[in-house]
Amino acid sequence: MPPSGSGVKARLKFSSILSVPSELVEVRYKLPFGLDVAPLRNLAVCTKDGPGGEKAGDVLRYTSQWIMGLPSGGGLAATAAFTGGGVFCVMCDTCQLGNC
């Protein structure tokens, strides 16, 4: 995820998992934060409205995930990530976890 205010945009393309029209809403929180989400019919669903703009019933489709270890891929960027501590952010598809 690009940092807030960086001017960098992430371009995501993914298939719909809902049978009704939907829209993508970005919610950002500073750490630590609370997000009320529970599994419902193999989806991660918000259980109540939150201060970041999420509403009860919203589906959490992707979340950022900080991981430590060897970065995937190769080249200069991967080498820099590894030598810089090996901690980096990736997008986690919650449907991969729940097998939507």
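**Salt bridges and surroundings in a predicted model**

The side chains of K48 and D36 meet in a salt bridge, at 3.8 Å from N to O. This is a predicted model.

Me: Which parts of the chain does the pair of K48 and D36 link?
Reply: K48 lies in the loop between β2 and β3. D36 lies 12 residues away.

Me: Is K48 buried, exposed or partly exposed?
Reply: The relative accessible area of K48 is 48%. Exposed means over 50%, and buried means under 20%. K48 falls in between, so K48 is partly exposed.

Me: Is D36 buried, exposed or partly exposed?
Reply: D36 has a relative accessible area of 36%. That value lies between the cut-offs of 20% and 50%, so D36 is partly exposed.

Me: How many salt bridges are there?
Reply: Side chains of opposite charge can pair when their charged atoms come close. Another is D93 with R61, at 3.4 Å from N to O. The count comes to two.

Me: Where do D93 and R61 sit, and how many residues apart are they?
Reply: D93 belongs to strand β4, residues 87-93. R61 is in the loop between β2 (43-46) and β3 (62-68). The pair links distant parts of the chain, 32 residues apart.

Me: Is D93 buried or exposed?
Reply: The relative accessibility of D93 is 13%. Buried means under 20%. D93 therefore counts as buried.

Me: Which backbone oxygen does the side chain of R61 reach?
Reply: R61 is buried, with a relative accessible area of 13%. Leaving aside neighbours within four places in sequence, R61 is in contact with F14, S15, I17, C92, D93, T94 and C95. At 2.9 Å, its side chain reaches the backbone oxygen of S15.

Me: How many disulfides does a search of the whole structure find?
Reply: A disulfide needs a pair of cysteine sulfur atoms within 2.5 Å. C46 is buried, at 7% relative accessible area. C92 is buried too, at 13%. The search of the whole structure finds zero.

Me: What accessible area do L12, F14, L24 and M91 have together?
Reply: L12 is in the segment before β1 (37-40). L12 is partly exposed, with a relative accessible area of 44%. With F14, L24 and M91, L12 forms a nonpolar patch on the surface. Together they have about 360 Å².

Terms used
Residues numbered from 1 in each chain as written. Predicted model: local features only at pLDDT ≥ 70, side-chain atom pairs only at ≥ 80, totals over all residues. Heavy atoms only, no water. Buried < 20%, exposed > 50% of the residue type's maximum accessible area, 1.4 Å probe, protein only. Patch = residues over 30% accessible without salt bridge, like charges linked within 9 Å, V, L, I, M, F, W, Y side chains within 5 Å. Areas by Shrake-Rupley, 256 points an atom, 1.4 Å probe, with all protein chains shown as cover. Salt bridge = Lys/Arg side-chain N within 4 Å of Asp/Glu carboxyl O. Helix = DSSP H or I, 4+ residues; strand = E, 2+ residues; numbered from the N terminus. Polar contact = N/O pair within 3.5 Å; in protein donor to acceptor, adjacent residues only side chain to side chain. Contact = heavy atoms within 4.5 Å.
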